[in-house]
Amino acid sequence: PLTPPQEDQDKPTVWKNRAELFAATRPNNLPAITLFHLVGVRLALVATGNTGVYWKLVLQEPRLWMTLFAIYLVSATSMLVNDYFDARLGRDAFKSCEQRSSNLLLRHENPVAAATVKRALLYLYGTAMIITTMLPGTPTRCAVVLSLIMTYLYTQVLKPMTWIKNIVCASIIACSPWASGSAALNIVKADTNVLAVSALVRMFGVFFFGLLGREILMDIRDLPADAKSGVMTVPVRYGKV
């Protein structure tokens, strides 16, 4: 039988780098994403008096599982696309060796080719868009699609903008329980608008401002590198104090 040339066998592919690519999506975020999802569903059902079907929905309803998977894909793509554009635009050049090693493309040992990361992103975004068409309710689908668009635009366009980068990051994460709650409302056929569920609105506000503060604190750590690479974060523009 014919065998492929040696250079084709050695050519990096998404499959060959699957372990590194999966680690780069920060799977340690999955427990928190799952918790946000469960809380969002619970608050939506409490508002409509359908708490008796909670466990049946979260364990047996395929559309809720797809919603959770879509939210995880939003998180995964945001991590990979951030690594890709930070390396491509040279924004990690001024970071410490330890910080640079967290980027797949810049590691000293076994770096992943930019083309491989780009192809992996194509697969992830494509999968996310297909799954989005199966999600319950227009608000749920809109939340996922807008989050996916923002993850792509974030590093390439929005990251250098003072305040905007922090607001976008906080909004994407805070939106996850809101999307899950919206999906639950659609599944139980409740007439309640997701915007009218005050508990979900309050949760979005708490998460948003808490995450906004966290993002600014993280920018303080990266202040020297951000200043040299032209990323005008809040600490770069206004100082640490």
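Me: What makes P31 and L35 exposed residues of α3?
Reply: Exposed means over 50% relative accessible area, buried under 20%, and partly exposed in between (1.4 Å probe, protein chains only). P31 and L35 count as exposed, and they sit on the face of α3 turned away from its buried side. This is a predicted model: local features need pLDDT of at least 70, side-chain atom pairs count only at pLDDT 80 or more, and totals for chains, interfaces and linings use all residues. Residues are numbered from 1 along each chain as its sequence is written, and side-chain values use heavy atoms, with hydrogens and water left out.

Me: Which residues of α3 are buried?
Reply: I33, F36, H37, G40, V41, A44 and L45. Seen down the axis of α3, they fall within an arc of 160 degrees, so they line one face of the helix. The arc is taken from the directions from the helix axis to the C-beta atoms.

Me: What do the buried residues of α3 pack against?
Reply: α4 (54–60), α5 (62–88), α9 (164–187) and α10 (198–221). Contact means heavy atoms within 4.5 Å.

Me: How many helices and strands does the protein chain have?
Reply: Twelve helices and zero strands. Helices are DSSP runs of H or I, at least four residues; strands are runs of E, at least two.
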